[in-house]
Amino acid sequence: MSAEDRLEAERDRLRQVFRARDAAGSERRYAGDRPAVRLERRLLAAALDAIAPVPRGASVLEIGCGRGGLLPLLAARGAATLSGVDLLEERVAAARAALAPTELPLDLRVACGSALPFPDATFDLVALATVTSGIRETTLRARIAGEARRVLAPGGRILHYDLVRRGPRSAAWSPVPIAAVEELFAMPVLAARTVGLVAPLARALGPLATPLGPALARLPLLRSHALVVLGEARA
């Protein structure tokens, strides 16, 4: 099998994984009214505000935007344009519907992050959320990282949000240490923070996730994800 055939096989595998998750009800599991989902968004929003403020008027791209991904949070923090790519048409359509109320310019396309349909140096901010952890083919990971760098404008930032601790239902995902993120993107880490609460505990809390979740998430061993900011250091 050629290198390109291996990459396409990995893309096909990812499409199958996501379609299987959707068929199993993942859309409902990750619905915004679930206490555990609200908690994750609250903790991630706090981390964004602390270490990755969005420049007012920024042009934003999310690779692997799914049904909206990080784009709503970034829109609420000052982004001026929202772009995204995902492997599945049905997810891109859902993202368009979810983001329409923002009334910001939208450019959401069906594409792989390894071949972004955008010119060089287009975006102030490129985001990836739980993308890297799902990819088994290292060449595909590297190509996506290279494309993220290619479309990043001078002085821009890459936001990488992904697992550092795998839960019992996350067999298809592999944790991504912060050091591995820096190596993958070949860019300096400007800031990083572990964030979130391990999913089984967050779900088990039910409605108590709102009052108790933030306190539990102060314990590093209970945090599930890391938010990493990469970019060239400013003089």
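**Helix 3 against helix 9**

I looked up how helix 3 and helix 9 (residues 209–216) pack: the angle is about 45° and the axes are 10 Å apart. That makes helix 3 oblique to helix 9, because angles under 35 degrees count as roughly parallel, over 145 as roughly antiparallel, 65 to 115 as roughly perpendicular and the rest as oblique. Axes here are lines fitted to C-alpha atoms, for helices over the stretch in contact, and angles run from 0 to 180 degrees between N-to-C directions. Helices are DSSP runs of H or I with at least four residues, strands are runs of E with at least two, and both are numbered from the N terminus.

I noted the crossing of helix 3 and helix 9 as right-handed; the term applies if the near helix is turned clockwise from the far one by less than a right angle, and anticlockwise gives left-handed.

I then listed the contact, meaning heavy atoms within 4.5 Å. From helix 3 come Pro-35, Ala-36, Arg-38, Leu-39, Arg-42 and Leu-43, and from helix 9 Ala-209, Thr-210, Gly-213 and Pro-214. The residues of this contact divide into six nonpolar, two polar and two charged. In this scheme Ala, Val, Leu, Ile, Met, Phe, Trp, Tyr, Cys and Pro count as nonpolar, Asp, Glu, Lys and Arg as charged, and the others, Gly among them, as polar.

**Basis of the entries**

I am working from a predicted model, in which local features need pLDDT of at least 70 and side-chain atom pairs count only at pLDDT 80 or more, while totals for chains, interfaces and linings use all residues. Residues are numbered from 1 along each chain as its sequence is written, and side-chain values use heavy atoms, with hydrogens and water left out.

**Arg-42**

I placed Arg-42 in helix 3. Arg-42 is partly exposed at a relative accessible area of 45%; buried means under 20%, exposed over 50%, and partly exposed in between, with a 1.4 Å probe and protein chains only. Leaving aside neighbours within four places in sequence, Arg-42 is in contact with Thr-210 and Pro-214. I also checked Arg-67, which is 25 residues from Arg-42 in sequence and 18 Å away in space, C-alpha to C-alpha.

I found seven strands in an open sheet, in the order 3-2-1-4-5-7-6, with mixed pairing. Strand 3 (106–110) and strand 6 (189–195) stand at the edges with a single partner strand each, so one side of each has no neighbour in the sheet. Two strands pair if DSSP finds at least two bridges between them. The twist averages 15° from one strand to the next.

Strand 1 (residues 59–63) and strand 2 (residues 81–86) run parallel and are joined by five bridges. I traced one of them: Ser-59 has Thr-81 in strand 2 as its bridge partner.

Helix 3 (residues 35–51) packs on the sheet, touching strand 5 (152–163), strand 6 and strand 7 (225–230), and its direction makes about 155° with that of strand 6. Helix 5 (residues 89–99) lies across strand 2 and strand 3, at about 165° to strand 3.

**Positive phi**

Glu-103 has a positive phi of about 60°; Glu-103 lies in the loop between helix 5 and strand 3 and is exposed at 73% relative accessibility. Ala-186 has a positive phi of about 50°; Ala-186 lies in the loop between helix 7 (178–185) and strand 6 and is exposed at 58%.
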